[in-house]
Structures are given as C-alpha cells and as structure tokens.
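This report describes the fold of one protein chain for a reader who is new to structural analysis. Please keep the sequence and the model in view while reading.

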Amino acid sequence: LGDVYKRQRICCIIGIIVTILFYLWKFKIKNYIFSPFNISVLVLLFVTLIMPFFFTADMAWIALGITNAKSMAKYLSNSVIINVCGLLIFILTAFYVESKRIEVRFRINVAETFMVNINPRALSFMFWMTAVAWVGIVFTFNHGIPLLNGGRTFYINTAISPVYLLLNELLFILSLIYGVQYITRKKRLIEFFTSVILLIGTGNRGTVLLSTIYPIGVLWFYYKDSNTAKGLKKKARKTTWRIIWLGAVLLSAGMIMMLVRNGIKTNVKDLIFEFLYGNSFSDIRDGAFVLKGWKESKLGYICGKTYLAGLISFIPSSMSPFKMKWGWGRFSTEMLFGWENHPGLRGGNFMEAYVNFGWIGVIFSAILQGYISAYIENLFYEMCVRKKVGLHLGKVLMIVLLQKLQGFLICTSGNYTLFVFIAFVLVSVLLSALTRDKKEIRIIYHTR
C-alpha cells in the first residue's frame with residue numbers, strides 16, 4: 001500500500017507543479033489568472049490534485065458504504081493516474097492554444113447569427129413565462145421553495161421532472177444574458193436579480209454560485225478595473241485579489257445554503273467533514289468506486305455506449321431501452337452496483353472516456369477539453385483584457401454552447417442541457433420573427 005499511495009502522491013505533486021508553472025506563465029504574459037469562464041477548470045484542479053490526499057482515510061468512503069479505505073487503495077491510485085494524466089494533457093493543450101492565441105477566424109459564427117435575430121421582447125417574454133412557471137411548479141408540487149423546505153429533489157422520478165429541469169436550465173441561461181446586459185448597458189437588473197433569487201431557491205449551489213454569480217462578478221471586476229491604463233500589473237493584481245475575495249464569499253454562501261437546506265442542524269464540524277469527505281468534491285473517489293464496479297463486472301471497454309445514450313438524451317428514458325440501460329447515471333450506479341433511483345457517480349473529467357475507450361479516449365477527450373477551454377480563454381482575453389471591447393450577447397451564447405459541448409465530453413449525464421440551449425435559441429428566434437425590428441437587431445448585435 002505504501003508504494004500505491006506514493007505513486008498517487010507523486011502524480012498529484014507533478015500535476016501541482018505543472019499547474020503552478022502554467023498559471024505563472026499566464027499571469028506574466030496575459031496579466032490575469034481568473035476569467036469569468038474558467039471556474040470549472042479551477043474546480044477541476046482542486047478536485048484532481050488536492051482532494052485525493054484526503055481519500056486515504058476510512059471516513060472518506062463511508063458515503064459509498066465502505067469502511068476500509070485500504071480495500072480501495074488500488075482503485076483510488078488508478079483513478080488518480082487516469083485523471084491526472086488527462087489533466088496534464090489538458091494543461092499542455094491549453095498552453096499551446098493560449099500561447100498561439102488561436103481565436104475566432106470568422107466574424108459571424110452560428111451563435112452570433114442566431115443572436116442577431118433575437119430581440120429584447122422575445123427574451124423578456126421567455127424569461128417571465130419561465131419565472132412564473134417555475135414558481136407555479138414548486139408551490140404546486142413541492143408546497144414551497146426547495147431551498148427552504150428540504151425539497152431540493154422533489155421532482156425526481158415524477159412526471160414533472162423534465163419540465164422542472166428545463167425551467168432551471170432556462171433560468172441559468174437567461175441569468176447570464178441579463179447579467180452581461182446589466183454590466184455592459186446598465187439594463188435588465190430586475191430580470192437578473194429575479195433569476196438569481198429563483199436559482200438560489202432551487203438549492204443547487206453550483207448553478208447559482210459558480211455558474212452564474214461568479215462569472216458575472218468576475219466580468220464586472222474586469223469592466224471596473226480597466227487594464228489598459230498605466231500600472232497594468234498593479235491593476236491586474238488588484239483584480240485578481242478581488243476575485244479571490246469573491247471566491248471566498250461564494251464559498252461561505254455555499255456553506256450557508258447547506259445550513260439552510262439542512263434546517264440549520266449542521267455545525268462547523270459537519271461542514272468540514274462534508275467538505276473533505278462528503279460528495280461535494282468526491283469525483284476522484286467516486287471514479288475509484290466506478291473502476292471497482294467496472295472491473296468486477298468484466299464488461300470491458302463499452303465503446304461509446306454512454307456517449308451515444310447522451311446524444312439521445314432528448315428522448316425520454318421510457319421510450320428508449322438503450323438510453324435506460326446505458327445512460328451514464330444508470331450505468332455508474334444501477335448496472336455496476338444495483339443501486340436504484342440514484343443520479344449517478346462522477347468519476348472525474350476523464351473517467352467516462354476511459355471506461356468507454358481506454359487511454360485513447362482519455363487522450364482524445366483531454367485534448368478536446370483543453371482546446372475548448374483555451375479557445376474560450378482567448379476569446380475573453382482578446383475582448384475583455386487586451387482590447388477592452390467587451391462581450392456582446394452573441395459571444396456569450398457561443399461561450400455557453402462551447403461549455404455545453406465540453407460538459408458532454410466530461411460526463412454525458414447532463415447532456416440534456418445542450419438540447420435545452422439549442423431549443424432556447426430556436427424558440428427565441430421564432431418569437432423574435434413575430435416582432436422583429438431592424439433597429440432593435442442592430443442594438444442587440446452591437447451591444448458591448
């Protein structure tokens with residue numbers, strides 16, 4: 001076991017060193033570390049390189065019904081190696097793309113073209129319809145706000161589940177759009193504030209804190225601190241520290257949301273236990289557990305079956321036996337362990353690729369994820385740091401689309417959000433066609 005844990009620690013230490021070198025280069029060359037859109041990368045680094053040090057303790061495995069951590073040492077080591085190797089390829093790809101400043105080579109892309117045809121009235125109509133429908137559902141089927149009455153999962157295994165998930169995703173997309181509009185044009189504050197309040201009401205900390213408030217807050221800091229003036233390095237450091245403080249505040253807010261969800265029955269000791277040994281940052285541990293089940297099942301590499309199931313996620317499971325069987329959520333729980341009514345186990349950014357295609361899948365997935373992440377970073381750097389022209393809504397939609405595609409590479413369970421996004425754009429264009437005004441189109445397209 002000593003050699004197994006030693007190999008695991010060496011992998012993490014190498015990853016930490018490479019990560020530090022990458023971000024030192026990034027700050028020196030580009031004068032920033034944090035962007036509105038790289039929070040998932042920072043979480044990935046923490047989950048992959050720091051958390052494995054805590055999973056050698058017995059208490060880290062209690063949530064999975066295992067009392068002896070040593071029995072999982074081999075699988076944990078393999079999970080760490082798979083994910084750290086994928087992470088190193090990810091970082092090297094990101095370094096190459098960012099150093100070459102590979103960026104958009106065409107002025108009008110698909111997302112922007114769609115956005116040109118969406119007017120404010122269509123967005124406003126969709127937002128308020130979504131907000132009213134969300135409130136109606138939670139009070140009808142949950143009899144109150146999910147965050148406040150412990151009903152965060154009230155929709156699971158009910159007919160209302162797809163509708164509720166659809167509304168949550170629409171609120172997330174619209175919150176980003178209205179957040180950018182407020183920062184760039186000082187408009188739509190009411191819509192942005194309302195969407196954030198409703199997202200908080202869902203009780204899902206990640207969506208509202210990391211995917212909505214964090215990117216909008218970071219974008220606001222970059223607009224507030226113009227890095228084109230004198231004292232560039234000083235202003236960059238100031239912005240960086242502000243973002244770190246924002247992260248600390250959001251982490252505290254996440255803990256407060258947990259207290260509220262648990263009815264204020266959780267003390268500080270419980271919070272620390274959840275942080276280190278619970279399910280919030282357990283990807284690598286869960287990946288080890290998935291590896292154990294997969295090895296013992298003797299299925300072998302499943303050759304893309306979970307990815308294919310993800311591609312048809314718009315089809316209800318009741319209508320697709322293939323999706324019912326091979327969707328990653330059911331595969332990682334019901335098929336491997338016989339668990340029912342479980343949303344699935346995360347295995348890290350590269351575990352699903354490994355189970356499907358082995359190391360070839362890890363390499364291919366890591367390169368694509370690194371390219372997409374660096375492409376978004378280049379877009380942000382060119383428009384918000386170097387040129388300071390800002391992000392118009394077409395760019396925001398394109399970034400959301402790219403993040404959905406990256407999410408599909410990581411874990412196919414949530415791929416329905418990609419189809420929600422596509423449907424949102426198409427419906428918005430259709431509604432806009434009824435009230436389109438050329439002057440409004442020009443305003444939307446040229447928004448900065």
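## Overall composition

In the protein chain, 51% of the 448 residues are buried (under 20% relative accessible area, with exposed meaning over 50% and partly exposed in between; 1.4 Å probe, protein chains only). This is a predicted model, in which local features need pLDDT of at least 70 and side-chain atom pairs count only at pLDDT 80 or more, while totals for chains, interfaces and linings use all residues. Residues are numbered from 1 along each chain as its sequence is written, and side-chain values use heavy atoms, leaving out hydrogens and water.

The chain contains 20 helices and 0 strands (DSSP runs numbered from the N terminus: helices are H or I with at least four residues, strands are E with at least two). Of its contacts with a separation of 6 or more, 76% join residues 24 or more positions apart; a contact means heavy atoms within 4.5 Å.

## The nonpolar core

The largest nonpolar core has 120 residues. Such a core is a set of buried Ala, Val, Leu, Ile, Met, Phe, Trp, Tyr and Cys residues joined through side-chain atoms within 4.5 Å. Among the residues with the most contacts inside this core are Trp61, Leu87 and Phe331. Beyond its neighbours within four places in sequence, Leu87 is in contact with Leu44, Leu45, Thr48, Leu49 and Phe350.

Phe331 is also one of the buried residues of helix α15 (residues 328–337), together with Trp328, Gly329, Ser332, Thr333 and Leu336. The cover over the buried residues of α15 includes α12 (283–297), α13 (305–311), α14 (321–326) and α16 (351–357). After α15 comes Gly338, with a positive phi near 80°.

## Two further helices

Helix α17 (residues 359–386) holds Glu377. Is Glu377 buried or exposed? Glu377 is buried, its relative accessible area being 2%. Not counting residues up to four places away in sequence, Glu377 touches Lys26, Tyr32, Ser35, Phe37, Asn38 and Glu98.

In α18, 13 of the 18 residues are buried, so this helix is largely enclosed by the rest of the structure.

## A partly exposed residue

Ile20 lies in helix α1 (residues 2–30). Ile20 is partly exposed, with a relative accessible area of 47%.
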